[in-house]
Number of protein chains: 4
Amino acid sequence: MSGYVFERAVRFDEVDAALMLYYPRFLGYCHEAMEAMFAGLDGGYPRLIQQRRFGLPAVHIEVDFKSPLRYGDVARIGLDVVKTGYTSITLRYTLTQKDDGRMVAVVEHVCVATNLDAMKAIPIPKDVLALLDRYRSPA
Amino acid sequence: MSGYVFERAVRFDEVDAALMLYYPRFLGYCHEAMEAMFAGLDGGYPRLIQQRRFGLPAVHIEVDFKSPLRYGDVARIGLDVVKTGYTSITLRYTLTQKDDGRMVAVVEHVCVATNLDAMKAIPIPKDVLALLDRYRSPA
Amino acid sequence: MSGYVFERAVRFDEVDAALMLYYPRFLGYCHEAMEAMFAGLDGGYPRLIQQRRFGLPAVHIEVDFKSPLRYGDVARIGLDVVKTGYTSITLRYTLTQKDDGRMVAVVEHVCVATNLDAMKAIPIPKDVLALLDRYRSPA
Amino acid sequence: MSGYVFERAVRFDEVDAALMLYYPRFLGYCHEAMEAMFAGLDGGYPRLIQQRRFGLPAVHIEVDFKSPLRYGDVARIGLDVVKTGYTSITLRYTLTQKDDGRMVAVVEHVCVATNLDAMKAIPIPKDVLALLDRYRSPA
């Protein structure tokens, strides 16, 4: 068992006119999980972005949707660090519905360590890498 | 007859779990109408914000909600400039449903001409005032 | 001391191009506080909306904005029940920035107990009223 | 040359704290393009969803992000129908920045023709298929 876990209830305003969680919002849930994981660094993601001008723009995303979420459901998001390269990071998010455990979606997210002023890829900073190491998926 | 007019269909993802336009989004529609009006200036609202570092933070909002909007409805938003002071601007947005003409909401919005770097009120710039004059409501 | 208290960090995606919390989202924060308060009823707001077909559409909103919220800030929202009538409820939300205590905004929100199928005002149900009584502001 | 084309300015509230379009919103732009394409059917997507109880839940999404969008940019979205099966539809969205033509993102979106009451896959209705045929990508 590894990975960071984040839970999040579907809110009143997040469903669409078909009464299911609007699918782009699944990715917002994943981003919230990532932001929450980065709270493990001093100042969290806000400090990375605002003071250190370090960010993680996405370069590739793949999502398999298995079942919908509805208002009243709680998403349980397991975040695993699949791979880190010199500048790139691959994360996997496994979303289940908390109460009944059914599989909701699997998201693979490749992002790149980036200096936000130069908009250039940079090596993953040591403290970021140490945080990611805590949530590495088993080989 | 005066005022700037902006139309906007309710989107699939903008209703809530009661299948009505989520009420904070009414204010987003009003902001879109204001942004669209500012397209009358060279570079529009993006240039005001990003190059001139000029913005219009809200200081007071009042909304009367008359009837809901649903998916498939089109909001027709009439924007009137009610009053301008040295640094403050009062706008009124009248929202109706385009097809049947029923009244949806009336929003009064007071904002302040602001230098975004200093975060200080400043006199309304001449070109902004000239634009506002075009959409002034009759006394 | 009275009122329900709800805390909420400003998220990465909630600021606007001026790097301040987009003002319609203040009202979304208030709605989240209200939803959280209703978790005090069995099944919470989801059950009210979906099974009991009971909702609280807004009829009037007034907001005074005092200072901006930025990414990294945490909003502390105090929710007080100001008044209840036969069918209407007046709520007041007082938003401060958690860390430095500065005042952010005050929102007054009048909503109407509504049967969502008939879209008619109905008397406030007894259990809802009992919940509201817990958070009534001192006279 | 084929495909449906939809244009959309990045709005004030759609960037994140790094001042780039928040990446889940790219998918919202694609959904808007799809909704706009369905305006070619009587009553559009609202009628499909609300009266005919027909929807297109996503089952798979892949996105390659090439360059960011910022406030003031206009997204130009080309929508091509790549493939239709008995119940499934594969769409490709090619996002460019309108003014300078640079590539922004490519999205592949597989969705399934679904009866929203039964939540079961159904054959693609004839009028929907005829609409999709208009925007089929060249082999």
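This is a predicted model: local features need pLDDT of at least 70, side-chain atom pairs count only at pLDDT 80 or more; totals for chains, interfaces and linings use all residues.
## The interface of chain D and chain A

The contact between these two chains draws 24 residues from chain D and 24 residues from chain A, and about 2200 Å² is buried between them, with carbon and sulfur atoms giving 64% of that area. The count of salt bridges between chain D and chain A is 0, while 8 residue pairs, both members at pLDDT 80 or more, are in polar contact across this interface.

On the side of chain D that touches chain A, the elements that give two or more residues are helix H1 (24–38) and strand E3 (58–65) of chain D. The largest share of that side comes from E3(D), which supplies 8 residues. By residue class, the side of chain D that touches chain A divides into 17 nonpolar, 4 polar and 3 charged residues.

## Strand pairing across the interface

Strand E3 (residues 58–65) of chain A pairs with E3(D) in the antiparallel sense, and 5 bridges join the two strands. In general, the strands of a sheet pair through backbone hydrogen bonds, and they do so in either a parallel or an antiparallel sense. Within this pairing, A:Glu62 has D:Glu62 in E3(D) as its bridge partner.

The same surface serves both copies, since 100% of the contact residues of chain D recur in chain A.

## The interface of chain C and chain D

Here the contact takes 10 residues from chain C and 10 residues from chain D, and the two chains bury about 940 Å² between them, 69% of it on carbon and sulfur atoms. Three residues of chain C, namely C:Phe12, C:Asp13 and C:Ala17, supply 51% of the area that chain C buries against chain D, which is more than any other three residues supply.

Across the interface of chain C and chain D there are 2 salt bridges. A salt bridge joins the side chains of C:Asp13 and D:Arg25, with an N to O distance of 3.7 Å, and C:Asp13 is also one of the three residues named above for their share of the buried area. The count of residue pairs in polar contact between chain C and chain D, both at pLDDT 80 or more, is 4. The side of chain C that touches chain D is made up of 7 nonpolar residues, no polar residues and 3 charged residues.

## A sheet within chain D

Chain D also holds an open sheet of 3 strands, in the order E2-E7-E8, whose pairing is antiparallel. The edge strands are strand E2 (54–55) and strand E8 (120–121) of chain D, each of which pairs on one side only.

E2(D) and strand E7 (residues 114–115) of chain D run antiparallel and are joined by 2 bridges. In this part of the sheet, D:Phe54 stands opposite D:Asn115 in E7(D).

Notes. Residues are numbered from 1 along each chain as its sequence is written. Chains are lettered from A and ligands numbered from 1 in the order in which they are written. Side-chain values use heavy atoms; hydrogens and water are left out. Contact means heavy atoms within 4.5 Å. Buried area is the accessible area (1.4 Å probe) that two parts lose on being put together, summed over both. A salt bridge is a side-chain nitrogen of Lys or Arg within 4 Å of a carboxyl oxygen of Asp or Glu. A polar contact is a pair of N or O atoms within 3.5 Å; within protein, one must be able to donate a hydrogen and the other to accept it, and residues adjacent in sequence count only if both atoms are side-chain atoms. Helices (H or I, at least four residues) and strands (E, at least two) are DSSP runs, numbered from the N terminus. Ala, Val, Leu, Ile, Met, Phe, Trp, Tyr, Cys and Pro count as nonpolar, Asp, Glu, Lys and Arg as charged, and the others, Gly among them, as polar. Two strands pair if DSSP finds at least two bridges between them.
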